[in-house]
Amino acid sequence: MATKGGFRWIIIALLFYITVANYIDRSAIAFAISDIKGELGLGPAEIGLILGAFGLGYAVTTFLGGIAVDRWGARAVLLTAAVLWTASIGATGFAGAFLTLYIARTVLGVAEGPNFPALTGAVSRWLPPHERAIALGNTLVAVPLALAIGAPLTTQLIHVFGWRGMFFTLTALSGIWVPVWLIFFRNDPEQSSFVGDTELKHIRGGVEAARNRVARHVRHGFTDWRLLLTNRTLLANYWAFFVFGYFLFFFMGWLPNYLQVTYKLNVREVGLFAILPWACASVMLVALGYLSDYLLKRTGSFRISRSLLIGVTQFLAALAVIPVGLVHSLPVAIAGITVAVAFSMSANAAYYAVNVDIVPGRAATALGIMDTGFAISGFLAPVITGWVVDTSGSFEYAFLLMAALALSSVLVVLIFHRPDEDRADQPGGVPLAALAAAQ
């Protein structure tokens, strides 16, 4: 029975929940790694390899996941992924040696790879253009929020049940979502009995109707790989998102160990100190999602509403991380890390929205390509950091490397990230004047 309106936001809530579960599952090992390395006898380089194993599996399926979502829709793809990672996170608790733990983490990466392509594909079909950055912001805030609540949650579970029991307990977090997804989600709002005519008209009206006809026409056809792999705005977006991923995987994987090793904090103190950076990132991410769509409505410019936000936030993240590497002070470290995490994550919705803005009919595939670079950063950031710490004995050069990467992304965005110019002639796109009129 159809409702009067607003069901699309229930869909966003479902995507929000599973993304929270996704990130708590993938980040939990960072808080357990101290106990794991003691039990299994692992060094910094081996820890880096284990933390990076997730990125290897993730790189394969996040790319293929985008193609699968554009072909079969988000419902089946995300369902399959959630079932598999629920099983794999539980299996991590049985790991008894480096190899079995490495395999378990790789399988978890394989399972979680399709999550964000599916999220993007769902948003592209369920939300009109002027609500997408808001919807993405409200969904993607699940990432820092999961890391903020996951820190005390996982450390408390470790304290009560041990690291193995913690992984066993987390399996329920994703498992309870599966039947709810099956009941309420459909690939297109037209297929849902919970969507009324008024809401459907709101979603599909004007510009969306034209885009949707094109998307349906190409859904089973040939993907324009040349467009997705040569468009300068998409390429700039891919690189900036890779750098964002490097920041995220560094702090998600190494922050607890950094605080323990450098400032001699215990695991429960680390859990408490880890809340602040991710909580601030949660607030910033939602705020900039709203700001991005507000600027788009006021200016009609994707350069201002997307590119400018990405460039400025990456620049501020680069500045914030430099003193963390150069000054040995816990207050300076917490302040710098908080600012760096908050700003590096705050433009997350803009990265995602650019794919929908440029290629609405292939948004999930474009996201899959972008997320593949993100996955590679998920392998490189932990491994490179482990090698740097192992050879130099400190985190100084690891922080300075992040600053250099962030500054490189700022230059790339300033020069090449021009969505207004690169979007106008894309398949499924519309003239900017028509978009502004529709909004």
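Trp163 has a relative accessibility of 5% and therefore counts as buried, a class that covers residues under 20% relative accessible area, with exposed meaning over 50% and partly exposed in between (1.4 Å probe, protein chains only). Phe167, at 0% relative accessibility, is buried as well.

The model is a predicted one, in which local features need pLDDT of at least 70 and side-chain atom pairs count only at pLDDT 80 or more, while totals for chains, interfaces and linings use all residues. Residues are numbered from 1 along each chain as its sequence is written, and side-chain values use heavy atoms, with hydrogens and water left out.

The structure holds 31 aromatic pairs, where rings of Phe, Tyr and Trp (its six-membered ring) pair if their centres lie within 6.5 Å, and planes under 30 degrees apart count as stacked, over 60 as edge-to-face and the rest as tilted. One of them joins Phe7 and Phe194, which are stacked at 5.1 Å centre to centre with 15 degrees between the planes. Because Phe7 lies in helix H1 (residues 7-40) and Phe194 in the loop between helix H8 (177-184) and helix H9 (197-204), this pair ties together parts that are 187 residues apart in sequence. Phe7 is buried at 3% relative accessibility, whereas Phe194, at 24%, is partly exposed. Trp163 and Phe167 also form an aromatic pair, in this case edge-to-face, with 6.2 Å centre to centre and 85 degrees between the planes.

Turning to helix packing, the axes of helix H2 (44-72) and helix H18 (residues 363-392) come within 7 Å and cross at roughly 175 degrees; axes are lines fitted to C-alpha atoms, for helices over the stretch in contact, and angles run from 0 to 180 degrees between N-to-C directions. H2 is therefore roughly antiparallel to H18, a term for angles over 145 degrees.

Phi of Lys264 is near 55 degrees, a positive value in a residue other than glycine, and Lys264 is exposed, with a relative accessible area of 67%.

Conventions: Helix = DSSP H or I, 4+ residues; strand = E, 2+ residues; numbered from the N terminus. Parallel < 35°, antiparallel > 145°, perpendicular 65-115°, else oblique.
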